[in-house]
Amino acid sequence: LKIENELRKALDKNEFNLVYQPILDLSTNRIADVEALIRWENDTLGSISPMHFIPIAEETGLIIPIGDWVLRTAFKQLELWNNSGYPPISVAINISIRQFYQAGFINQIQQLLQETNVQPDQLTFEITESMTMDIEAAKEILYHLKKLGVNISIDDFGTGYSSLSYLKSLPIDYLKIDKSFINDINTNKDDKSIAITMLTMAQSLGINVIAEGIETNEQLGILQQHLCNKGQGFLFSKPVPVEELNKILEMES
Ligand code: G
Ligand code: G
Ligand code: MN
Ligand code: NA
């Protein structure tokens, strides 16, 4: 309850921050995108993981104002990057299922695109597959989003309520293979088969694949051998604050 009370005040107290983790194109080993990840630093509770507070935000409805803040902050940051002379970068933003189904979500994105110089193809929305997903409703929202020109990614793929049949009927650009499959990809035969099967399936459906949680060169090798499009993980970089990411971008350009 302490957490919930503090979470209610966190936006006003300016306690949130976004960090960014590079996503590399595995055919060139260069940064293709970054994923925006929220961080919360509270004066009495210290830093609280989103793994802990996002579910509370979802239950209490606080995810709506917090999600708004994430969107506005990521758009502002993209605008700064667009005006700074770096090669164009794109940002992947995590969207809670509740935020995704909220009336007005599409309008909000449309409005942010109008107010800023952010181009729609600089945006990817990461949606986590879930049991509560109403596929027909999701389909409609996703088609509206695609009309705006943004990219859609299915996050934590393989961990949730995967129904392979919906992949075919939804306008999805990327699947993100969950890090639990990547972790033992070079030591566990089953995890390796599952990852390769996901890659093969996605390729045949014309969907790109991003592997999460790459920590070793051995894991990277297997993924590259099977033509995984993109990857992110501690092998390349952990999520970092803007200033640190800017240094990485400068080295790359
Ligand atoms: O950054 P980290 O790996 O600790 O994230 C833990 C979990 O929190 C992940 O499932 C991630 O998707 C989620 N998460 C991180 N940032 C955001 C955010 O801005 N919005 C939502 N909805 N989830 C986030
Ligand atoms: O659910 P989602 O994929 O959005 O979660 C992203 C989370 O994964 C972030 O909290 C990030 O800190 C974490 N993460 C990113 N790369 C790695 C990695 O290489 N290893 C581990 N263990 N976690 C990672
Ligand atoms: Mn994600
Ligand atoms: Na997620």
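This is a predicted model: local features need pLDDT of at least 70, side-chain atom pairs count only at pLDDT 80 or more; totals for chains, interfaces and linings use all residues.

Visitor: OK, and how many bridges join β2 to β4, and do they run parallel or antiparallel?

Guide: There are four bridges between β2 and β4, and the two strands run parallel.

Visitor: What does V91 stand opposite in β5?

Guide: That would be L123. Strand β5 covers residues 123–128, and five bridges tie it to β4, again in a parallel arrangement.

Visitor: Is β4 largely enclosed or open?

Guide: Largely enclosed by the rest of the structure, because five of the six residues in β4 (residues 90–95) are buried.

Visitor: Back to L123 then. Is it buried or exposed?

Guide: L123 is buried, as it has 25 other C-beta atoms within 10 Å.

Visitor: Which residues does L123 touch, if you skip those up to four places away in sequence?

Guide: S90, V91, I93, V118, V150 and N151.

Visitor: Let's talk packing. How many residues are in the largest nonpolar core?

Guide: It has 59 residues, and those with the most contacts inside it are A36, A74, I93, L175, I177 and V209. Helix α3, residues 63–82, supplies the largest share of this core, eight residues.

Visitor: Pick A36. What does it touch, leaving out residues up to four places away?

Guide: A36 touches L18, Y20, V70, A74, V91, A92 and I93. Two of those, A74 and I93, are also on the list of residues with the most contacts inside the core.

Visitor: You mentioned α3. What about I64, where does it lie?

Guide: I64 lies in helix α3. With 17 other C-beta atoms within 10 Å, I64 comes out as partly exposed.

Visitor: Which residues is I64 in contact with, beyond its neighbours within four places?

Guide: Q99 and Q102. I64 and S96 are 32 residues apart in sequence, yet 8.8 Å apart in space, C-alpha to C-alpha.

Visitor: Switching to ligands. What surrounds ligand 1?

Guide: The residues around ligand 1 are L37, I38, S49, P50, M51, I54, V70, N94, S96 and P239. Two elements give two or more residues to that shell, namely β2 (30–42) and α2 (50–60).

Visitor: And which element gives the largest share of that shell?

Guide: α2, with three residues.

Visitor: Now ligand 2. How does its shell divide by class?

Guide: Around ligand 2 there are four nonpolar, five polar and five charged residues. The shell has 14 residues, and D156, G213, E215, G233 and F234 come nearest to the ligand.

Visitor: Tell me about D156. Where is it found?

Guide: In strand β6, residues 151–157. D156 counts as buried because it has 20 C-beta neighbours inside 10 Å, and the cut-off for buried is 20 or more.

Visitor: Is L227 buried or exposed?

Guide: Exposed, with 12 other C-beta atoms within 10 Å.

Visitor: Let's zoom out. How many helices and strands does the protein have?

Guide: The secondary structure comes to 11 helices and nine strands.

Visitor: What radius of gyration does the protein have, and what would a compact globule have?

Guide: The protein has 18 Å, and a compact globule with 253 residues would have a value near 18 Å, which agrees. Along the principal axes, the C-alpha atoms fill a box of roughly 50 × 45 × 40 Å.

Visitor: What share of the residues count as buried?

Guide: 33% of the 253 residues.

Visitor: Last one: among contacts between residues at least 6 apart in sequence, what share joins residues at least 24 apart?

Guide: That share is 66%.

How values were computed
Residues are numbered from 1 along each chain as its sequence is written. Chains are lettered from A and ligands numbered from 1 in the order in which they are written. A nonpolar core is a set of buried Ala, Val, Leu, Ile, Met, Phe, Trp, Tyr and Cys residues joined through C-beta atoms within 7 Å. Two residues are in contact if their C-beta atoms, placed from the backbone, lie within 7 Å. A residue is near a molecule or strand if its C-beta atom, placed from the backbone, lies within 6 Å of it. The radius of gyration is taken over C-alpha atoms; the globule rule is 2.2 Å times the number of residues to the power 0.38. Ala, Val, Leu, Ile, Met, Phe, Trp, Tyr, Cys and Pro count as nonpolar, Asp, Glu, Lys and Arg as charged, and the others, Gly among them, as polar. Two strands pair if DSSP finds at least two bridges between them.
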